[in-house]
Amino acid sequence: MLERRVQGTVPEKPHLRARTPGGEPLYEECLTRAGFDGPFSMLYRQHRPHEAEPDAVNAAFAAPERASDGKLLRRHYRSRDVAERATPAEARTALLVNADVTIGCARPTGPDATYFVNADGDELFFVLEGSGVVRSPFGDLPFRAGDYVGVPKGVLHRILPTAGERQAWLWLEFRGALAVPARYRNAVGQLRMDAPYSHRDFRAPALTAPRDEGLRGLVVKRRGAWHGFRLAHSPLDVLGWDGAVYPFVFPILAFSPRVGQVHLPPPVHATFEAPGALVCSFVPRPLDFHPQANPVPYPHSSVDVDEVLFYANDAFTSRQGIEAGSLSHHPAGIAHGPHPGAYENQPLEPLTREIAVMLDCSSPLDPTTAARAIEDPDYHHSFRA
Ligand SMILES: [Fe+2]
């Protein structure tokens with residue numbers, strides 16, 4: 001989904017016979033999207049990557065259980081009330097689901113004990129609290145609070161949270177391909193000069209020399225279930241890679257916000273898109289500058305989408321009673337807008353310090369049992385003056 005990068009040593013053309021510096025055969029692995037029509041990467045390995053044998057898996061994926069009460073209401077979930085789990089793989093907890101996307105959170109206390117492949121979709125984390133490293137055959141990719149962390153579908157990896165730090169991550173899984181909005185690209189695929197970010201804002205893993213952590217366990221999530229495998233060799237045996245599919249980090253504060261004379265609608269904050277979902281980043285910025293501008297968003301009925309907001313701090317201009325880690329769900333079918341007092345409390349400061357991730361989802365979202373357990377039951381009524 002990003003620009004092509006090359007690390008390490010790669011043969012002069014794809015699909016040639018090649019050897020390691022020690023004279024052993026070099027094995028090319030092609031990771032391709034949309035069949036063979038989409039973005040791809042090629043990894044050059046010391047060992048054949050397709051020797052994994054089925055094996056027992058110690059834990060089962062907690063498949064999301066839909067738990068809608070059938071009522072059309074605005075909802076608020078406190079994601080930091082979700083229980084901590086031992087590993088990032090186990091900690092991925094679905095809160096809102098539809099056919100296109102899973103919206104959840106993860107609060108791991110330690111590193112993945114095995115390698116993990118999510119073969120169900122592209123993943124995007126937003127790190128509210130904590131830091132760590134995504135380790136994959138592409139190399140190590142450090143992340144910290146305020147980062148988006150993208151892990152493409154099918155990429156073997158292991159997440160290692162920094163020891164001793166509390167972790168709180170938003171977790172998103174997309175059934176279709178996650179990408180930078182097409183309108184930000186020019187005809188040759190570069191990010192346009194007027195895009196809200198540049199290629200330099202995206203960080204890729206740094207490939208190191210092949211290594212063996214001694215781990216051979218692999219868990220593959222496919223069709224909502226975990227499948228165990230045993231690897232024949234260390235999967236971190238890559239001498240070079242070349243391609244446009246790899247884990248990445250994008251710091252939310254690298255997003256360059258748009259400001260208008262009067263209020264601009266949320267898609268100006270579009271950061272990533274996938275079929276059925278648009279991800280927008282709200283970051284600190286000056287407010288609208290017309291002398292009579294109303295910097296508070298207008299109440300609206302965006303009748304074709306369910307809107308979800310994940311708040312990274314408690315400073316959202318139009319909302320009260322939310323906290324860092326709050327997740328609001330405003331379903332299509334009922335209007336939503338600012339909390340009482342947002343208009344009346346003007347004049348506001350000329351700046352907003354809000355940091356939030358928004359998703360517009362084109363299919364209705366259902367809460368899970370995990371979401372219902374952390375729901376703020378008074379939220380819908382908090383909009384009454
Ligand atoms: Fe909205």
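A pocket is an open set of grid points with protein on both sides within 12 Å along at least five of seven lines, and its lining residues have an atom within 4 Å of a point. Keep that in mind for this tour of a predicted model.

**Stop 1: the largest pocket**

Select Glu29, Arg45, Pro49, Gly154 and Leu156. Of the 26 residues that line the largest pocket, these lie nearest its centre. The volume of this pocket is about 500 Å³.

Which elements give two or more residues to the lining? Select strand 2 (27–32), strand 3 (40–45) and strand 15 (217–222) to see them. Strand 2 supplies the largest share, three residues.

Now colour the lining by class. You will find 16 nonpolar residues, five polar ones and five charged ones.

**Stop 2**

In general, strands of a sheet pair through backbone hydrogen bonds, either parallel or antiparallel.

**Stop 3: strands 8 and 15**

In which sense do strand 8 and strand 15 pair, parallel or antiparallel? They run in the parallel sense, paired over four bridges.

Finish with Tyr115. Opposite Tyr115 stands Leu218, in strand 15.

Key. Residues numbered from 1 in each chain as written. Predicted model: local features only at pLDDT ≥ 70, side-chain atom pairs only at ≥ 80, totals over all residues. Heavy atoms only, no water. 1 Å grid on protein atoms, 1.4 Å probe; cavity = no way out; pocket = protein on both sides within 12 Å on 5 of 7 lines; lining within 4 Å. Points joined across faces, edges and corners; volume = space filled by probe spheres on them. Nonpolar A, V, L, I, M, F, W, Y, C, P; charged D, E, K, R; others polar. Pairing = 2+ DSSP bridges.
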